[in-house]
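We will go stop by stop, with something to select each time.

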Amino acid sequence: MDVISVIRTKRDRGELSGEQIDWVIDAYTRGVVADEQMSALAMAILLNGMNRGEIARWTAAMIASGERMDFSSLSRPTADKHSTGGVGDKITLPLAPLVAACGAAVPQLSGRGLGHTGGTLDKLEAIPGWRALLSNEEMLSVLDGVGSVICAAGDGLAPADKKLYALRDVTGTVEAIPLIASSIMSKKIAEGTGSLVLDVKVGTGAFMKTLEDARELASTMVGLGTDHGVRTVALLTDMSTPLGLTAGNALEVRESVEVLAGGGPSDVVELTLALAREMLDAAGLKDVDPAKALADGSAMDVWRRMISAQGGDPDATLPVARETHVVTAPSSGVLTRLDAYDVGVAAWRLGAGRARKEDVVQAGAGVELHAKPGAVVSAGQPLMTLHTDTPERFEYALQAVEGSFDIAPEGTAFSATPIVLDRIA
Ligand code: URA
């Protein structure tokens, strides 16, 4: 087999054979196929697509590139959630302990942020002492003892994806449905969860800008999961507006703790509960009400034990950025739009995210929102506060938020977009 013929097949809109796929994934993982050759193939896939058979084989080859975890020793059913990434998407933080408090085991392998979407591990690392890197044995022990664990995927899990994702990130080949679906599902299937709920984001702040693309991605992933014996369901959820009132690491931890304490912004609570119900249902725990576990403090108890088990201090004061800058409403009226992508870019430019893998994020940086679409605002009223340790970043962040909102004359009718747009099973 030679890599040039594999690239040519896809370049010329052909179908890759199973043997070609198995070979190229294995050869790339071993370093026999070079990065520039894999980039050419990834671009050909982005431009010409793959059919469901090719995607299934590609996913299976990525799973086979590494180890598979096994949670069969646990007494509880396992349920996991994966979000395709958004702005202010802190849902994993309250969701994992909540679902554990309701009786499931939640092995939440998470990632770091790159670009305008934040990463769960960066957020949790704002908590002094908290460790994202656990050995497989430690992960299993926290999962067994506490009920939920949020940590980085070990190097042994789908190493082909680890290499390929880093390459796609720097070659403009992330936004390809076959590559996104196989990347996410290879890790989730190798992780060994019994059930999986996918939160597929739609809108300006998401990879998928249209419902049609989001539906295709969701149904591809649900099909892959189901074929591998993982009960998989997808919710399509709105990402045209940031989730909650914060985008940034420590800012989002604070908001998540508010949700666990029974408060927090209504959209974050609504989505957390919707995903919890799906996870519990998929795990066979149909008669449990997650709203009760938020209200009676049992989800908060699991959160505190989970943070402590990973070296963190749940009572520690969270980092606060050294400098703030307030953006005010230029006119009075109804806030009709607040763009998720623009706010995500601003948070990133303030230091909450990274431009390159090796960049260090600022724990306190980000954007705090004071109004969401539908709110009536007065000229001069604070709309958002920008937080950073490095004030020279304000100018660049302000450019991002300049056109991020619309204020219509008072009395203008406003209808909110629902959080959950569709469900695919
Ligand atoms: N998240 C992943 O894990 N992979 C992708 O390709 C995109 C988002």
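Where is Arg-13 found? Select it and you land in the loop between helix 1 (3–11) and helix 2; helices here are DSSP runs of H or I of at least four residues and strands are E runs of at least two, both numbered from the N terminus. Before going further, note that this is a predicted model: local features need pLDDT of at least 70, side-chain atom pairs count only at pLDDT 80 or more, and totals for chains, interfaces and linings use all residues. Residues are numbered from 1 along each chain as its sequence is written.

**Two backbone stops**

Most residues other than glycine have a negative phi. Arg-13, although not a glycine, has a positive phi of about 65°. Arg-13 is exposed, because 10 other C-beta atoms lie within 10 Å; by the rule used, 20 or more such atoms make a residue buried, 12 or fewer make it exposed, and anything in between is partly exposed, with C-beta atoms placed from the backbone.

Now jump to Ala-158, in the loop between strand 3 (148–152) and helix 8. Its phi is also positive, near 45°. Is Ala-158 buried or exposed? Ala-158 is buried, since 29 other C-beta atoms lie within 10 Å.

**Helix 4**

Select residues 52–64 and check the end-to-end distance. Among the buried ones are Arg-57, Trp-58 and Met-62. To see what covers them, show helix 2 (18–30), helix 8 (159–169), helix 9 (177–191) and helix 10 (211–227), which are included in that cover.

**Around the ligand**

Next, centre on the ligand. Which residues are around it? Show Thr-84, Gly-85, Tyr-165, Val-174, Leu-179, Ile-180, Ser-183 and Ile-184; a residue qualifies if its C-beta atom, placed from the backbone, lies within 6 Å. Helix 9 gives the largest share of this shell, four residues. By type, the shell has five nonpolar, three polar and no charged residues, where Ala, Val, Leu, Ile, Met, Phe, Trp, Tyr, Cys and Pro count as nonpolar, Asp, Glu, Lys and Arg as charged, and the others, Gly among them, as polar.

**Domains 2 and 3**

Colour by domain: domain 1 (3–49), domain 2 (79–154 + 186–309) and domain 3 (323–408), with bounds from an automatic or database domain assignment. The contact takes 24 residues from domain 2 and 23 residues from domain 3; contact means C-beta atoms, placed from the backbone, within 7 Å. On the domain 2 side, strand 6 (246–248) and helix 11 (249–260) are the elements giving two or more residues. That side divides into nine nonpolar, 14 polar and one charged residue. The C-alpha centres of these two domains lie 24 Å apart.

**Last stop: Ala-347**

Select Ala-347 in helix 15 (residues 340–352). Ala-347 counts as buried because it has 34 C-beta neighbours inside 10 Å. Beyond neighbours within four places in sequence, its contacts include Ala-247, Gly-248, Ala-365 and Val-367. Finally, select residues 334–408, where UniProt (unreviewed entry) places "domain: Pyrimidine nucleoside phosphorylase C-terminal"; such annotations may be inferred rather than shown by experiment, feature names are shortened, and positions follow the numbering used here. The end C-alpha atoms of this span lie 5 Å apart, and the span is 28% helix and 29% strand.

How values were computed: Contact = placed C-beta atoms within 7 Å.
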